[in-house]
Amino acid sequence: MSVTSTVADGGFTRVFGDELRPLLFEAIGQTFQLVGFTLLIGGALGLLIGVVLYATSPGNLWSNGWVFNGLNVIVNIVRPIPFIIFITAIAPLTKTVMGTRIGTEAAIFPMTLMAMVVIGRVVEQSLVSVDPGVVEAARASGASRLRTLVTIVVPEGFAPLVLGYTFIFVAIVDMSAMAGYVGGGGLGDFAFQYGYQQFDWKLTVVVIALLVILVQVGQYFGNWLARRARHR
């Protein structure tokens, strides 16, 4: 379809009509796949990194300068890199691990790496907010370091953790949109191909609205869960 024809036929009818509706639904599914797998895998690995950062920090449960400083340097290097640069910079690694640099599955790899690093820092900061007096009381009562970490620190930091993961969810949605610019699929790729490249701003508005709805639902659920955690 030519650009002239696209502009003439553009509009909300085109988006929800037979022409693009199947592609739109496919893009929505790809976005859920990108966000879901990244949040699941990156969230679990990021939790592990954050817990290790907290536990090995100076004066903490397993104070270890080598481990803490090593992880801290990695997080500080990776976290400030804009994702669009990060995903292109590690493209050779993505191809080695995933077998390709293009596609939804391939985009999940760099998204997961970036997410786990950012989540690691968020988890560490959430756990640091736990009152040190509670930790000291648990240790004084005879609780082991592992038991203190698992049954005291993590539960006490649960509400901040939920809010932190909610913030990361929004960031992952943003990353999924940017992944589309390098062939990752999803709503970002859909908006770029059929909106931006074909000068159809109404289609772009539809994609923005869908992303806003997705973010709002995730934000509402995260805030609700955090409130329940505070009042438990």
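This is a predicted model: local features need pLDDT of at least 70, side-chain atom pairs count only at pLDDT 80 or more; totals for chains, interfaces and linings use all residues.

Colleague: How many helices and strands does the chain have?

Modeller: Helices (H or I, at least four residues) and strands (E, at least two) are DSSP runs, numbered from the N terminus. Here the chain has twelve helices and zero strands. Its pattern along the sequence is α-α-α-α-α-α-α-α-α-α-α-α. The C-alpha atoms fill a box of roughly 75 × 40 × 25 Å, taken along the principal axes.

Colleague: What share of the residues count as buried?

Modeller: Buried means under 20% relative accessible area, exposed means over 50%, and partly exposed is in between (1.4 Å probe, protein chains only). By that rule, 43% of the 232 residues of the chain are buried.

Colleague: Next, salt bridges. How many does the structure hold?

Modeller: A salt bridge is a side-chain nitrogen of Lys or Arg within 4 Å of a carboxyl oxygen of Asp or Glu. The structure holds one, and it joins the side chains of Arg121 and Glu124 at 2.5 Å, N to O. Arg121 is buried, and so is Glu124.

Colleague: Why are Arg121 and Glu124 separated by about one helical turn?

Modeller: Because they are three residues apart in helix H7 (residues 104-128).

Colleague: And the largest pocket: what is its volume?

Modeller: The general idea first: on a 1 Å grid over the protein atoms alone, a pocket is an open set of points with protein on both sides within 12 Å along at least five of seven lines, whereas a cavity is a set of points where a 1.4 Å probe fits but cannot get out. Lining residues have an atom within 4 Å of a point. Grid points are joined across faces, edges and corners, and a volume is the space filled by probe spheres set on the points. The largest pocket here comes to about 270 Å³.

Colleague: Which residues lie nearest its centre?

Modeller: Of the 13 lining residues, Leu161, Val162, Tyr165, Thr166 and Leu225 lie nearest the centre. H3, helix H10 (158-179) and helix H12 (201-230) each supply at least two residues of the lining. H10 gives the largest share, six residues.

Colleague: How do the lining residues divide by type?

Modeller: Ala, Val, Leu, Ile, Met, Phe, Trp, Tyr, Cys and Pro count as nonpolar, Asp, Glu, Lys and Arg as charged, and the others, Gly among them, as polar. The lining has ten nonpolar, three polar and no charged residues.

Colleague: Let's stay with H10. Is Phe169 in that helix buried or exposed?

Modeller: Phe169 lies in helix H10 and counts as buried because its relative accessibility is 12%. Ala159 also has its place in helix H10, and at 11% it counts as buried. Leu163 in helix H10 is partly exposed at 31%.

Colleague: Last one: which residues form the nonpolar surface patch?

Modeller: Patches are made of residues with over 30% relative accessible area and no salt bridge: like charges are joined within 9 Å, nonpolar side chains (Val, Leu, Ile, Met, Phe, Trp, Tyr) within 5 Å. Accessible areas come from the Shrake-Rupley method with a 1.4 Å probe, and for residues only the protein chains shown count as cover. Here Phe37, Leu40, Ile41 and Leu45 form the patch, with about 370 Å² of accessible area together. Leu45 is found in helix H3 (residues 21-56) and is partly exposed at 37%.

Technical notes. Residues are numbered from 1 along each chain as its sequence is written. Side-chain values use heavy atoms; hydrogens and water are left out.
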